[in-house]
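Please read them beside the structure.

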Amino acid sequence: METKSNRIIVFGAGGRVGRAAVAEARRRGHEVTTAARSDGDVTDPAAVARLAAGHDAAIVAVYDSGAAPREFFPAVARALAEGLPAAGVKRLVSVGLASVLPTASGDLLMDTPGYPQEWREFYVGHGAGTAAMRASAPEALDWAVLSPAGDFDHEGEPSGGYVLAPAAADSRIAHGDFARALLDEAEAPTLHRTHAGVSAA
């Protein structure tokens with residue numbers, strides 16, 4: 001499907017997901033701005049607004065290993081909710097975590113038997129970020145959170161397809177296929193104010 005060229009900013013462009021999103025956006029002919037930690041503080045609404053000015057959509061795949069997850073992810077969400085509309089950006093697609101997605105049974109993946117609990121603080125912090133976005137984002141900002149339905153297939157080759165799916169511990173998706181989902185949602189939104197899982201087709 002032909003899509004018009006957009007200006008897209010990718011926050012967290014240095015990570016594996018961010019790099020895949022940048023590559024996919026450029027493959028589609030979009031003008032891409034890459035934003036790393038050295039370019040500005042993504043928890044600062046003014047820095048977000050400065051970096052995002054003049055763009056049509058934002059993709060966010062950020063992480064700070066030195067910050068407390070329960071503080072970092074909500075702070076990022078609040079800064080995006082304020083800074084992106086101030087910059088005139090109308091669409092945000094953020095990268096979330098499968099652990100806080102419901103499974104087919106309705107239980108959150110992180111609460112299912114046998115699921116690793118040593119990173120639970122990280123899981124809960126991600127969930128708090130989505131909750132903060134839901135509470136803070138104005139109507140002017142159309143946002144969605146996408147995550148693998150389970151985890152990334154770090155060695156697998158992209159299949160060229162994906163499906164939206166509930167959380168499942170054994171679900172996998174290649175970075176390239178996940179990037180397709182991110183760009184599809186940035187270009188032609190179908191998900192609004194929600195968190196959805198993505199699995200290989």
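1. Glu-187 counts as buried, because its relative accessibility is 18% (buried is under 20% relative accessible area, exposed over 50% and partly exposed in between, with a 1.4 Å probe and protein chains only). Its place is in helix H5, residues 175–187. Helices (H or I, at least four residues) and strands (E, at least two) are DSSP runs numbered from the N terminus. The side chain of Glu-187 makes a polar contact of 2.6 Å with the side chain of His-30. A polar contact is a pair of N or O atoms within 3.5 Å; within protein, one must be able to donate a hydrogen and the other to accept it, and residues adjacent in sequence count only if both atoms are side-chain atoms.

2. On the basis of these values: this is a predicted model, in which local features need pLDDT of at least 70 and side-chain atom pairs count only at pLDDT 80 or more, while totals for chains, interfaces and linings use all residues. Residues are numbered from 1 along each chain as its sequence is written, and side-chain values use heavy atoms, with hydrogens and water left out.

3. Gly-40 is also worth a look. This residue is found in the loop between E2 and H2, and it counts as buried because its relative accessibility is 19%. Leaving aside neighbours within four places in sequence, Gly-40 is in contact (heavy atoms within 4.5 Å) with Ala-47, Arg-50 and Leu-51.

4. What marks the ends of H2? Just after H2, Gly-54 has a positive phi of about 85°.

5. Helix H2 covers residues 45–52, and its buried residues are Ala-47, Val-48, Ala-49, Leu-51 and Ala-52. These pack against strand E1 (7–11), strand E2 (31–35) and helix H3 (69–86).

6. H2 and H3 pack at about 40°, their axes 7 Å apart (axes are lines fitted to C-alpha atoms, for helices over the stretch in contact, and angles run from 0 to 180 degrees between N-to-C directions). H2 is therefore oblique to H3; angles under 35 degrees count as roughly parallel, over 145 as roughly antiparallel, 65 to 115 as roughly perpendicular and the rest as oblique.

7. Pro-45, Val-48, Ala-49 and Ala-52 of H2 meet a set of H3 residues that includes Ala-79, Leu-80 and Gly-83.
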